[in-house]
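Subject: A structure to look at

Hello,

Here is the structure I promised to pass on. Please open it next to this email, and then read on for what was found.

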Amino acid sequence: MTARLSPHSVRAVKTTPLRIAMLAPPWIEIPPAGYGGIEQVVDLLCRELVQRGHSVTLFAAPGTSSSATVRPLLDRPHPDAIGAALYEADHVALAFEAVDLAATAGVPFDVVHDHSGFTALAMADRIATPVLHTLHGPFTDDTSRFYARHGHKAAIVAISRGQLAKAPAGLTVSAVIPNPIDVGSWPLCRRKDDYLLWIGRMAADKGPHRAIDAARRAGRRLVLAGPIQPGQEGFFEREVRPRLDGERVQFVGEVGGVGKQELFARATALLMPIRWPEPFGMVMIEALACGTPVIAFPEGAASEIVIHGENGFLVKDEAEMAGAIAELGELDPGRCRASVSRYAADGIAARYELVYRELASQERIAGDPSAVVARRAAAPLTARRGDRPRAKASAMNAA
Ligand code: UDP
């Protein structure tokens with residue numbers, strides 16, 4: 001499905017509030033107390049969309065609070081079972097029932113905005129309301145096969161150009177809309193303490209062990225922060241714990257709230273020695289909002305977020321990372337913060353609103369009650385891998 005914008009149709013419906021069903025993952029409450037990048041994104045989007053006058057219903061884990069109308073569906077959050085089919089299917093099925101019920105009751109949603117994983121996209125052609133699916137993960141062999149099969153069932157939004165570039169042939173992406181940040185809620189700190197920061201899931205892809213190597217080579221102190229999620233214990237015990245000394249290399253566990261903000265703000269730099277096509281990377285824009293430069297390997301979205309020599313450095317390995325640490329004095333915290341104004345939450349919500357409106361207007365043209373049938377007919381259920389030479393984004397929103 002291509003959500004190409006017609007300026008004419010947008011002008012006609014510009015001021016009409018939309019009814020938006022926001023479908024968060026079922027794992028972590030919103031806003032997240034600690035770890036939770038997707039939950040941060042959903043929280044900010046809901047807040048901005050409500051401020052823009054829309055009616056937003058947020059289907060999310062219990063414990064969620066938001067200026068949107070919150071509809072928790074499961075009995076409890078499942079932070080230790082992220083990705084479990086049992087909970088995801090349960091959550092999505094209940095949300096789809098509520099969306100269908102609203103339509104039957106004569107108060108249909110204009111759009112379902114899905115952030116919840118794979119189930120909702122795979123089943124998106126089974127409900128009458130159009131679905132917009134934000135791609136939060138990377139394209140691997142397996143996920144590429146999945147998106148080639150099911151991607152036509154919803155409008156798709158990518159979160160970086162790097163992510164889009166790896167999309168499978170035949171997948172149409174409506175727009176590239178990066179993740180948002182509320183820049184003003186992060187403290188700008190110009191006087192830094194003498195430590196480098198690594199923060200994230202304790203996964204090899206994210207490179208905590210490489211951050212240790214780089215900091216050691218540079219002779220600088222490193223603080224590591226983040227949760228050890230199920231399945232990451234072995235990596236932590238093998239690659240990280242033996243190198244901790246509680247002084248030069250310190251692990252502080254999962255952080256949140258004001259403590260997390262301070263940790264970002266007072267760090268000399270954030271180290272991102274990633275070895276995977278990271279689709280976005282919230283920690284980079286959070287550090288930059290605090291005036292903390294980022295030194296990253298040029299993987300995934302890192303080379304879009306980090307502007308070499310302006311808000312950080314792009315380096316190829318641990319040795320170059322150590323060298324770049326010595327150059328950090330050249331970078332101005334104010335310019336680091338300014339570099340994330342392009343991710344300001346109000347602007348990002350406005351871009352999503354355009355996609356919602358286009359989807360809603362396509363649906364009106366398709367006409368109820370045959371909209372589902374029309375969508376199924378337009379998009380065969382078999383994989384379309386290879387239909388087109390490569391994935392494409394419609395022109396409207398490439399970041
Ligand atoms: N985070 C946190 N506490 C931690 C580690 C991470 O609050 O101890 C947050 C971090 O600030 C960011 C999110 O979790 O908002 C991680 O998102 P990111 O996109 O960087 O990583 P991913 O989604 O790939 O895990």
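Let's start at one spot. Helix α10 is followed by glycine 291, and the phi of that glycine is positive, near 80°. A word on names: helices (H or I, at least four residues) and strands (E, at least two) are DSSP runs, numbered from the N terminus.

Two notes before you go further. Residues are numbered from 1 along each chain, as its sequence is written. The model is predicted, so local features need pLDDT of at least 70 and side-chain atom pairs count only at pLDDT 80 or more, while totals for chains, interfaces and linings use all residues.

The whole chain

The chain holds 15 helices and 15 strands. Of its 399 residues, 48% are buried. Buried means that 20 or more other C-beta atoms lie within 10 Å of the residue's own; exposed means 12 or fewer, partly exposed is in between, and C-beta atoms are placed from the backbone. Now take the contacts between residues at least 6 apart in sequence: 69% of them join residues at least 24 apart. Two residues are in contact if their C-beta atoms, placed from the backbone, lie within 7 Å.

7 of its 8 residues are buried, so α10 is largely enclosed by the rest of the structure. Among the buried ones are Val283, Ile285 and Leu288. The buried residues of α10 pack against β9, α9 (257-266), β12, β13 (294-296), α11 (302-305) and α13 (333-338).

The ligand has 20 residues around it, and Gly37, Gly226, Glu254, Met282 and Val283 come nearest. Near means that the C-beta atom, placed from the backbone, lies within 6 Å of the molecule or strand. Two elements give two or more residues to this shell: α2 (37-51) and α10 (282-289). Which gives the most? That is α10, with 3 residues.

By class, the shell has 8 nonpolar, 8 polar and 4 charged residues. Ala, Val, Leu, Ile, Met, Phe, Trp, Tyr, Cys and Pro count as nonpolar; Asp, Glu, Lys and Arg count as charged; the others, Gly among them, count as polar.

The six-stranded sheet

Next, find the open sheet of 6 strands. Its order is β11-β10-β9-β12-β13-β14, and the pairing is parallel. Strands pair if DSSP finds at least two bridges between them. β11 (249-251) and β14 (312-314) are the edges; each has a single partner strand, so one side of each is left without a neighbour in the sheet. On average, neighbouring strands here are turned by 20° against each other, direction ignored.

Zoom in on one pair. β9 (residues 196-199) and β10 (residues 222-225) run parallel over 4 bridges. Tryptophan 198 has leucine 224 in β10 as its bridge partner. Helix α7 (residues 208-218) packs on the sheet, where it touches β9, β10, β11 and β12 (269-272), and its direction makes about 170° with that of β10. Axes are lines fitted to C-alpha atoms, for helices over the stretch in contact, and angles run from 0 to 180 degrees between N-to-C directions.

Strand β1 and two buried residues

Now move to β1 (19-23). 4 of the 5 residues of β1 are buried, so this strand is largely enclosed by the rest of the structure. It is joined to β2 (residues 55-60) by 5 bridges, and the two run parallel. Alanine 21 has threonine 57 in β2 as its bridge partner.

Proline 31 lies in the loop between β1 and α2. Look at its backbone: the peptide bond from isoleucine 30 to proline 31 is cis, with omega near -10°.

Valine 112 sits in β4 (residues 111-114). Is valine 112 buried or exposed? It is buried, with 25 other C-beta atoms within 10 Å. Leaving aside neighbours within four places in sequence, its contacts are Ala21, Leu23, Val99, Thr129 and Val131.

Isoleucine 156 belongs to β6 (residues 155-158). It is buried too, with 27 other C-beta atoms within 10 Å. Isoleucine 156 and valine 131 are 25 residues apart along the chain, and their C-alpha atoms are separated by 8.7 Å.

Best wishes
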